[in-house]
Amino acid sequence: KRILKERGLNQKEFAPREVLSFIEGCKGRGERADDVKLEPWQMQKQYYPCLLEIYRDYENALKRSGACDYTELLLRTFEVLRDDAETREMMQRHFSEILIDEFQDTSTLQFRLVRLLAGPDCHVTAVGDDDQSIYGGRGADFRNIMNFPKTFSPVKVVTLVRQDMMKRIVLSGETVPKASVDISPKYAGRIAEVAVDLGDAVSLGDVLLRQDTKDVSISIGEN
């Protein structure tokens, strides 16, 4: 807010939350202000070049005060590992196993950081579901989990499709008494069986259970 005030910018046009979101997005991609390349359509509007200047002022303000925000900590760590081979090799020797949960919600920067930490003898395990990525507005990139097998090849993919936390019936994709299963093409090759409760309507990942009188309808895909 102080930077906006110093620049004489209207905070209704340059809402602090939106400005911070732009800065966090850049950092989440591992980009300093000098690294950001605006798209041609962004260059045609004064708004985006001004956001970039605010980002540059913000970086300078952090340096002057010796402060860091959360993403800055990640970015500085990434830069050290990227630029200092000795430190990078030391850290790689330190980690023989790396486990990342909710991998679909990692940012580009976090993905690149894992790549630097994982040495040739390191085993990397990622847990996640590309269909449950909900933090795209905060810089998460669901493509990280999609690219994991290629980036860390060879890998073993374990698909979990059963829900064992509730009493259940198991539907294998065939019509069973008083129940039907409709599997969209997107999931047909991935879902072998779906375990569901017969109680109230339950949302279970991509599985939506609706109970209409005595019939149960399972719909997998777009709602």
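Tutor: D83 and R82 form a salt bridge in which the closest N and O atoms are 2.8 Å apart; a salt bridge is a side-chain nitrogen of Lys or Arg within 4 Å of a carboxyl oxygen of Asp or Glu. D83 is exposed, with a relative accessible area of 56%, while R82 is partly exposed at 39%. Here buried means under 20% relative accessible area, exposed means over 50%, and partly exposed lies in between (1.4 Å probe, protein chains only). The model is a predicted one, in which local features need pLDDT of at least 70 and side-chain atom pairs count only at pLDDT 80 or more, whereas totals for chains, interfaces and linings use all residues. Residues are numbered from 1 along each chain as its sequence is written, and side-chain values use heavy atoms, with hydrogens and water left out.

The whole structure holds 14 salt bridges. Another of them links E79 to R32, with 2.9 Å from N to O. E79 belongs to helix α5 (residues 70–83) and R32 to the loop between α2 (16–28) and α3 (40–43), so this pair ties together parts that are 47 residues apart in sequence. Helices (H or I, at least four residues) and strands (E, at least two) are DSSP runs, numbered from the N terminus. Both partners are buried: E79 has a relative accessible area of 18%, and R32 one of 16%. D141 pairs with R143, their closest N and O atoms being 2.9 Å apart, and D141 is buried at 12% relative accessibility. Through shared partners, salt bridges join K27, R32, E59, D69, E72, R76 and E79 into one network.

The nonpolar side chains form groups as well. In soluble globular proteins, nonpolar side chains tend to be buried together. A nonpolar core is a set of buried Ala, Val, Leu, Ile, Met, Phe, Trp, Tyr and Cys residues joined through side-chain atoms within 4.5 Å. The largest such core has 20 residues, and F14, V19, L51, I54 and Y55 make the most contacts inside it. Two or more of its residues come from each of α1 (2–6), α2 and α4 (47–65), and α4 gives the largest share, nine residues. Leaving aside residues up to four places away in sequence, F14 touches L4, L9, V19, Y47, C50, L51 and I54, where contact means heavy atoms within 4.5 Å. A second, separate core of 19 residues includes L75, L109, C122 and F148.

In β1, I98 and I100 form a covered face, and E97 and L99 an uncovered one. In a regular strand the side chains alternate between the two faces of the sheet. β1 and β2 run parallel and are joined by four bridges; two strands pair if DSSP finds at least two bridges between them. The chain passes from β1 through α7 to β2 in a right-handed β-α-β crossover: with the strands pointing away from the viewer, the path from the first strand over the helix to the second runs clockwise.
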